[in-house]
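Subject: Structure handover

Hi,

Here is the structure for you to look over. My notes on strands and aromatic rings follow below it.

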Amino acid sequence: MPTQKANLVLRAAVVAACFSNAVSFAQTAPPAEPTTPAKPAPAAPGAPAAAGAPARPNAATTGTPPAAGQRPAAPGQVQGQAQGQGQRPAQPSGQPSGKTETIEVTERRNANTERRDASASKIIITREDIEQYGDSNLGDVMRRLPGVTVGGRPGRGGPPAMRGMGGGFTQILINGERVSPGFSIEQITPEMVERIEILRAPTAETGTRAVAGTINVVLREPLRQRNNELRGQLVEERGRISPNLSFSRNDTLGPTGTYNITVSLNREDQLTDTATKTLYTDIPSGRVNLAQSTESTSHQERNGVFATSRFQWRLGPGEMFSIQPFLVHNKFTNESNGTLAQQVGSAPAPYATAASKTDGTFNVARAMFMLNKRLAPTLRMELRGGGGQFSSDTNSVLRERAANGNTVLTQATDSDTKDRSWNLVGKLSYAWLDGKHNLVTGWEYEDVKRTDSSTTLLNGAPLLTDFGTDINVETKRKALYIQDEWDPHPQFSTYVGLRWEGIETKSRTLTSPVKNTSSVLNPLAHGVWRFASPSRDQIRVSLTQSYRAPSTQNLVGRPSLNTLFPVPGPNTSVTPDRAGNPSLKPEVANGIDIAYENYLEGGGIISVNVFTRRINDLIRNVTARENVTWASSPRWVTRPQNLGKAVTSGVEFDARFRLPEAIKNAPAINLRTNLSIYDSKVDSVPGPNNRINEQPKMTGNLGADYRFRGTPFSIGGNINWTPGFETRLTDNQLSKTGTKRVIEGYGLWTINSSAKLRLTVANAAPRDLITSNILTQGNESQSVTSNGKTARSVALRLEVRL
């Protein structure tokens with residue numbers, strides 16, 4: 001505990017900082033229109049709150065949407081404007097005015113105060129953190145976040161997952177809206193992002209399709225000043241150069257409007273090597289019945305254009321309107337060449353060499369709007385919505401040849417997918433009982449229409465003709481929710497919420513019938529206990545119910561065929577076909593989260609969170625031999641199925657602080673570290689390692705950065721580590737994932753106030769990613785082991801403010 005003298009010094013410094021950054025002068029003449037007093041933000045427990053202290057900033061006062069899970073200010077409360085924006089200048093010192101001036105001091109908001117004041121546990125990643133390593137894609141940024149894992153090999157990215165729970169357990173939002181089907185957020189460049197919010201527990205407003213949690217990506221927001229930023233980057237990997245260029249502009253639109261436009265151009269040139277070994281082994285004797293090995297190299301070139309903008313106007317005190325278009329265009333080519341060698345086997349190898357080429361484009365065009373209106377001094381309305389289209393068009397050709405050069409298989413596939421979607425959301429916020437309660441109720445509607453046209457020719461003959469070439473599926477989602485936030489005591493805050501959500505998925509194609517309807521009613525409760533002053537620590541408790549709905553891809557029954565063993569003949573258990581299951585039920589999870597947050601005097605934070613989720617009707621892919629309509633003999637097919645119950649638990653630790661906060665007179669090194677330990681069990685699968693799919697036992701990051709005093713140079717580095725693990729998928733299926741380790745570092749030269757040069761080394765000590773899938777059939781073990789090569793990359797980035 002600091003001494004009384006130190007406390008006085010600290011409080012004086014805080015007051016001085018507040019005055020220098022957030023002083024507003026409210027004139028009492030002419031008389032202001034009477035309003036209901038605003039609900040004050042909770043003062044530090046044990047300390048008296050200043051009279052008339054303002055509520056937490058939000059969309060009504062800052063002109064930007066409130067952060068997900070953040071409590072809005074009480075309706076009717078408006079912060080003082082800065083002088084020069086309609087504010088009357090103060091009287092000169094010593095000159096009587098005959099008027100009374102009120103000086104209102106507001107707290108300067110940062111990531112820690114946003115985190116501390118949030119109703120549910122939340123971590124905010126600021127723009128400074130996002131830019132720190134000069135990443136070329138958002139997936140690399142995600143890898144360093146607390147409790148977030150990224151699929152795929154290092155340097156190649158993959159979908160992010162919270163708490164290691166892949167496959168849709170994590171809710172992904174852009175500006176608080178669910179992303180368009182088929183779109184992946186790792187396709188967004190970091191230059192387009194303002195901040196990233198991680199919510200470990202769901203709320204009624206942000207949505208309950210978040211068994212593992214929610215990641216909300218907030219795109220660039222406008223500043224009320226003219227500002228142009230230009231960034232150019234060159235990335236080298238295995239001798240190939242990938243350039244990136246981005247431009248961002250902020251400016252005003254008259255006296256009440258602002259806008260931001262960000263455009264990013266990028267080109268990706270990558271080589272990827274993969275080695276695979278297949279073994280069929282007789283378990284009693286240990287004799288190898290089949291041994292094959294393949295080696296392949298793929299070369300991918302991708303050209304992309306990303307553009308986002310936000311135009312917003314302040315309509316009045318606490319009122320705002322904004323529109324935000326979002327555009328993505330990508331064109332890519334992937335060429336792959338491989339060889340197959342068979343060391344053991346009674347039958348000849350199906351081919352000796354293989355070559356494939358895939359050309360494709362995908363596009364996203366979407367526009368969103370938001371309207372905030374004050375209907376009464378204590379009542380505020382928010383209306384937002386959006387609409388757009390995602391499209392993907394790919395053409396691929398695969399040719400397999402025997403050792404003598406003769407072609408043994410040719411497969412050509414044309415696929416065209418379009419998703420058209422729109423949504424509308426309404427919300428009412430009401431401050432009641434003198435602002436002690438904040439009641440929010442709202443509704444949501446979303447409609448998604450998917451058209452998938454696919455044609456596959458095998459040696460010139462069409463496949464799957466019984467299923468037709470077109471699939472038309474429509475998904476309608478409706479939701480209603482209500483929530484109330486209440487501060488019954490300066491040291492205690494509560495939140496209760498209830499959300500109903502219903503989803504209907506229906507096919508309009510007779511050859512691929514789908515009709516699936518589900519609804520879930522989810523109660524939610526959060527509580528925060530703040531320690532007595534001068535401590536700023538707090539304890540959080542959350543009791544939640546969340547769910548995961550089956551994806552459209554899992555519901556549609558149209559199969560995807562494995563061509564290593566083409567129809568009409570049989571295939572093998574390690575080379576199955578894939579198909580959907582129209583009878584899937586949603587997974588429903590009941591959860592508990594308990595967190596302790598220690599806020600340090602110097603602005604650092606240390607937190608520990610424990611959680612558990614009990615999941616009903618767990619969905620998992622199961623491989624079985626079936627009599628199918630698309631082949632004359634039985635085929636191995638992988639389908640999603642509801643397996644029953646599962647439970648997962650974990651401990652999550654994260655900290656960020658300056659070293660002198662822990663060790664007196666230590667160098668001013670900024671430390672960032674997080675460590676997550678997970679365990680899970682699927683009841684219907686025998687142990688050991690009957691875990692939830694893709695969930696590791698542990699993952700962590702250790703990072704630090706340091707600015708050399710008196711110089712323009714800074715350095716930093718990070719180690720990401722996820723140890724290898726095994727997962728038993730069913731009683732006869734086992735998967736293994738090797739250790740992932742990524743070491744990276746950067747050096748920054750601040751040339752002047754307008755220019756920076758950043759050098760980044762990613763995956764400095766490359767480590768191959770080894771994965772295995774093993775299936776036991778009778779007395780035979782069938783395994784496929786892949787070795788994914790990784791490589792070091794070096795990036796040089798120039799950042800200029802014009």
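Gln-733 stands opposite Leu-775 in strand β35. This is a predicted model: local features need pLDDT of at least 70, side-chain atom pairs count only at pLDDT 80 or more, and totals for chains, interfaces and linings use all residues. Numbering starts from 1 along each chain as its sequence is written, and side-chain values use heavy atoms, without hydrogens and water.

Strands first. They are DSSP runs of E, at least two residues, numbered from the N terminus. Two strands pair if DSSP finds at least two bridges between them. β32 (residues 733–737) runs antiparallel to β35 (residues 769–777), with 5 bridges. β35 also pairs with β36 (residues 780–788), again antiparallel, over 9 bridges. There, Asn-773 faces Val-784 in β36. β35 and β36 make a hairpin with 2 residues between them. Gly-778 in that turn has a positive phi of about 65°.

Now the rings. Rings of Phe, Tyr and Trp (its six-membered ring) pair if their centres lie within 6.5 Å; planes under 30 degrees apart are stacked, over 60 edge-to-face, the rest tilted. That gives 9 aromatic pairs. One of them is Tyr-706 with Phe-708: centres 5.1 Å apart, planes at 85°, so edge-to-face. Tyr-706 is partly exposed at 25% relative accessibility, and so is Phe-708 at 34%. (Buried is under 20% relative accessible area, exposed over 50%, partly exposed in between; 1.4 Å probe, protein chains only.)

Last, charges over rings: NZ of Lys or CZ of Arg within 6 Å of the ring centre and within 35 degrees of the ring normal. Arg-116 sits over Tyr-599, its charged end 5.9 Å from the ring centre. Arg-163 does likewise over Phe-611, at 4.0 Å.

Best wishes

Technical notes
Helix = DSSP H or I, 4+ residues; strand = E, 2+ residues; numbered from the N terminus.
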